[in-house]
4 protein chains.
Amino acid sequence: MKIKQTLYNLLDEDQNNSKGDAFVHYFISGLIIINVIALFLESYQNINKDYQTLFWYIEIISIIVFSIEYLIRIWTADLEYPEVKPYRARLKYIGSFMGIIDLVSVLPFYLPYFIKIDLRVVRVLRLFRLLRLLKLNRHSNSLKLITQVFKRTKADILITVFIVSLLLILSATLMYNIENEAQPEAFSNIGEALWWAVATLTTVGYGDIYPVTGIGKVLSGVIALLGIGIVALPTGIISSAYIEEIQHNRKKAQDNSCEHCPHCGKELKK
Amino acid sequence: MKIKQTLYNLLDEDQNNSKGDAFVHYFISGLIIINVIALFLESYQNINKDYQTLFWYIEIISIIVFSIEYLIRIWTADLEYPEVKPYRARLKYIGSFMGIIDLVSVLPFYLPYFIKIDLRVVRVLRLFRLLRLLKLNRHSNSLKLITQVFKRTKADILITVFIVSLLLILSATLMYNIENEAQPEAFSNIGEALWWAVATLTTVGYGDIYPVTGIGKVLSGVIALLGIGIVALPTGIISSAYIEEIQHNRKKAQDNSCEHCPHCGKELKK
Amino acid sequence: MKIKQTLYNLLDEDQNNSKGDAFVHYFISGLIIINVIALFLESYQNINKDYQTLFWYIEIISIIVFSIEYLIRIWTADLEYPEVKPYRARLKYIGSFMGIIDLVSVLPFYLPYFIKIDLRVVRVLRLFRLLRLLKLNRHSNSLKLITQVFKRTKADILITVFIVSLLLILSATLMYNIENEAQPEAFSNIGEALWWAVATLTTVGYGDIYPVTGIGKVLSGVIALLGIGIVALPTGIISSAYIEEIQHNRKKAQDNSCEHCPHCGKELKK
Amino acid sequence: MKIKQTLYNLLDEDQNNSKGDAFVHYFISGLIIINVIALFLESYQNINKDYQTLFWYIEIISIIVFSIEYLIRIWTADLEYPEVKPYRARLKYIGSFMGIIDLVSVLPFYLPYFIKIDLRVVRVLRLFRLLRLLKLNRHSNSLKLITQVFKRTKADILITVFIVSLLLILSATLMYNIENEAQPEAFSNIGEALWWAVATLTTVGYGDIYPVTGIGKVLSGVIALLGIGIVALPTGIISSAYIEEIQHNRKKAQDNSCEHCPHCGKELKK
């Protein structure tokens, strides 16, 4: 039982007291970053050819470490969730967001032994190891603040997404009907027009597709100008939520029992 | 009379109590989305050829449903606006924003039987069905908030539009006179220069038209940098309006239960 | 003397009481807009050829009206500035921003009779008539608010412009030295590199000039990401100034003598 | 000792009382700007050829002035930092940010006499003279405010950078696997895909690299739309920090003269 507790403490990100904790913490983080760099370099054909063995060793070591870590986390899940029965705690971990990421991190290695799978899917799945880095920051105040801001503005942002979607579909359909005759290849269907609409509204403007007719240019200009409003809307929402959240946190800190004036610092009469 | 009330309740978006209400609600929403998807897929020539019959059935069913809905809404308009006489209530609905959208949704089907009309206009008109989705969200707090923010900032945004327009015309005319000699085809008239000005100020920058002379590039750089300010202005306006609106709503919620003036600290009379 | 007062009142934008005021107001505004549209259409060669006579009449009428207006404004300047001596009042008007715009509006017509001048300069000068439209809005609350916001943030925006300039020069010089060897034509001098830097930092990205070397792309990516911060900075400045200004105006409106709690509306003890 | 004090006062940017101070101040600023202009013009081959002697004299004079200034600053460092021992004060100046910039400003001239060095590195190092202009503004309130805002938001901005990095790597790897088959040259490795990801997320969109497959376009659209949020996040952070900082400064200014707690309304002890 004592080993179990020790292992749990070593892997637990919430408490980094001992040197052992910090070592495990940095070792896993380092391994994730090495994995991402390897994935990155493997995509260069000449590097891939020359260092194939190195990449193979990195993969093997990573799989062993992450697999062991995953098994320990399943084993010690009853310490993570002491409020439920052990077997339920294990299922809870396996089904949690972080549990799934931990599984997806090792899965691409074992999968080809069981089923026939596209190599590219394997590579993409391996990338999910990167998301494990989020764990390290999970307890940072800034990430908490950003998370709270997004939770607070969820409904407003969804409505913005809804309005943007309406605008995209409307402008794409209009543009398809305007430009299709002049550029039957570029604006061959509404899908292509939608690609144009996104590139214009977000002001990316690759330049692979743009209107050539007079009416098309007028519509495009209007959409691009509306794009400014579309940037302004979520910015306004997030700004105000940030201010709200910060003021809310400060008020909670100041607390009810105000014994001193927050302005001048003088003591208050009782 | 009872049937009329039942029909009215079924179509009314404000109250979704019974299972029937929810069914009608989701059925119409689903039909709108199917229509938009059909419109989208029809623009792909090969899909259009293969599934012509399917698209025809979707259109027929939609027309029947939306036409019946439109007629019921006219019939039950006196329940929607009980404060005016029945025939006035009907005219009020027909002339309302949603009434016009409802009519425009079915019109493209009937129009070709009466007048000769461009097929593209019909297609675009059918798209207006999408706006009916706004009804579903009409009562969401987020949409209300956004609407209130835009109402509050209307005058400020109009002035911003006015300033942007001045800036666009000024820079387009200047650029036309600067670049016309070097690129007589690209900057052939102020209309084309205006197209450049919009693409630059909104930072879309397709790359189909840009200055090549030294002075032209300097002017273009200045316009692009001013474009940042042009984004900052409406963002600032909307941010502040959002904060205002949220604080205003909270203050109304707080209300009554304070015994001292928060500004001067004087005790309040009971 | 009475005619002088009447003429002054007719032209004065601050007071639009009588019907005559409104007529003069709209007549001049209309003439300005017609002038801008004419300038716009003249740039289309075929339109210019066909309607040359019409454009000539518009120009002649505009010149007569604006010249008379300018002379009346000089004559009635002592009513506009009653605090100084008449001849000083006239000089004050002639030297004022609006006085110069009024002169520049008619000057391009008379100039070619005195000195040899490029036709393009004449055309651009005529465009300044557009700025007279600003007069019409001079008294709108929104324009006042925007003006106040820019005055309040002047120093902060100047520092932002200074930082942006430093960043542009630094990145342009760096990029010139990085890319010059690989693309001696595109990055032929720091001037061209500056053109790239502006297009990247403002996220316009026409696509006529971009790095091709590895280091160049890394630097370009960093500049583009910094561009986000460069947008965020003035937006933050203007947002906060807007909120400040609105709260400041409201506080002034609420006034000192708060007899009622601004939250609950209860009367305050004296 | 008196000469030392005089020299120190002349170079010290904090106090510009005498005419001599102002002269030295403007002379050095002017020399820096002339240097940057020279560096700029030297990059134009024809200008460089014609005015080579002029550029040589500018360089020689600058080196003499900046070298003398650097030596004086080392000598008078004990007046700048009177709290530490003289030799420590000198080391402190040499190791400070401004001390390093001052050294880097003259180094490129002396370096080639000692080691073999690339001419381009020399040119880039000379550019650092520009950063000396920051000294002039070091004491402006606006720059202080911006510095405080960035200090306050440091943690939040770092997290934003972390999230943006994750997003860039994830989307680049995904896009590489999606587009590599269709465009093996454009998306030849994840490095190129990262270049695309930055250009899209920052909405620069040069147009040298973009997806052509259907899935690639969908992913690109999602990334571009997320780009809006990525702009909104730091803007919101900086806006709120600005408002916080301004309110904080004003509260400090208000201070003492309140007799009641503005929060709870209780009377304050004197």
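Here are some questions and answers about this predicted model.

Residues are numbered from 1 along each chain as its sequence is written, and chains are lettered from A, with ligands numbered from 1, in the order in which they are written. Local features need pLDDT of at least 70, side-chain atom pairs count only at pLDDT 80 or more, totals for chains, interfaces and linings use all residues, and side-chain values use heavy atoms, with hydrogens and water left out.

Me: How many helices does chain A have?
Reply: Helices here are DSSP runs of H or I with at least four residues, strands are E runs of at least two, and both are numbered from the N terminus. Chain A has zero strands, and its elements read α from the N terminus on. The number of helices is 13.

Me: What share of the residues of chain A counts as buried?
Reply: Buried means under 20% relative accessible area, exposed over 50%, and partly exposed in between, with a 1.4 Å probe and protein chains only. Chain A has 270 residues, and the buried share is 47%.

Me: How far apart are the end C-alpha atoms of residues 157-178 of chain A?
Reply: In an unreviewed entry, UniProt lists 157-178 of chain A as a "transmembrane region", along with 23-42, 54-73, 93-115 and 218-243. UniProt positions follow the numbering used here, feature names are shortened, and annotations may be inferred rather than shown by experiment. In the model, residues 157-178 are 100% helix and 0% strand, with end C-alpha atoms 31 Å apart.

Me: Which residue of chain D is among those with the most contacts inside the largest nonpolar core?
Reply: A nonpolar core is a set of buried Ala, Val, Leu, Ile, Met, Phe, Trp, Tyr and Cys residues joined through side-chain atoms within 4.5 Å. The largest has 89 residues, and Trp196(A), Trp196(B), Leu201(B) and Trp196(C) are also among those with the most contacts inside it.

Me: Which residue of chain A does Trp196(D) touch?
Reply: A contact means heavy atoms within 4.5 Å. Leaving out residues up to four places away in sequence, Trp196(D) touches several residues of chain D, including Met175(D), Phe187(D) and Ile223(D). From chain A, the partner is Tyr206(A).

Me: How many polar residues line the largest cavity?
Reply: On a 1 Å grid over the protein atoms alone, a cavity is a set of points where a 1.4 Å probe fits but cannot get out, and lining residues have an atom within 4 Å of a point. The largest cavity has a volume of about 240 Å³, and among the residues closest to its centre are Thr203(A), Thr203(B), Thr203(C) and Thr203(D). Nonpolar here means Ala, Val, Leu, Ile, Met, Phe, Trp, Tyr, Cys and Pro, charged means Asp, Glu, Lys and Arg, and the others, Gly among them, are polar. The lining has eight nonpolar residues, no charged ones, and a polar count of ten.

Me: What is phi of Thr203(A) near?
Reply: Thr203(A) sits in the loop between helix H12 (190-201) and H13 of chain A, and it counts as buried because its relative accessibility is 8%. Most residues other than glycine have a negative phi. Phi of Thr203(A) is positive, near 60°.

Me: Is Asn35(D) buried or exposed?
Reply: Asn35(D) is found in helix H2 (residues 19-42) of chain D. Its contacts, not counting residues up to four places away in sequence, are Glu59(D), Ser62(D), Phe66(D) and Arg129(D). Since its relative accessibility is 4%, Asn35(D) counts as buried.

Technical notes. On a 1 Å grid over the protein atoms alone, a cavity is a set of points where a 1.4 Å probe fits but cannot get out, and a pocket is an open set with protein on both sides within 12 Å along at least five of seven lines; lining residues have an atom within 4 Å of a point. Grid points are joined across faces, edges and corners, and a volume is the space filled by probe spheres set on the points.
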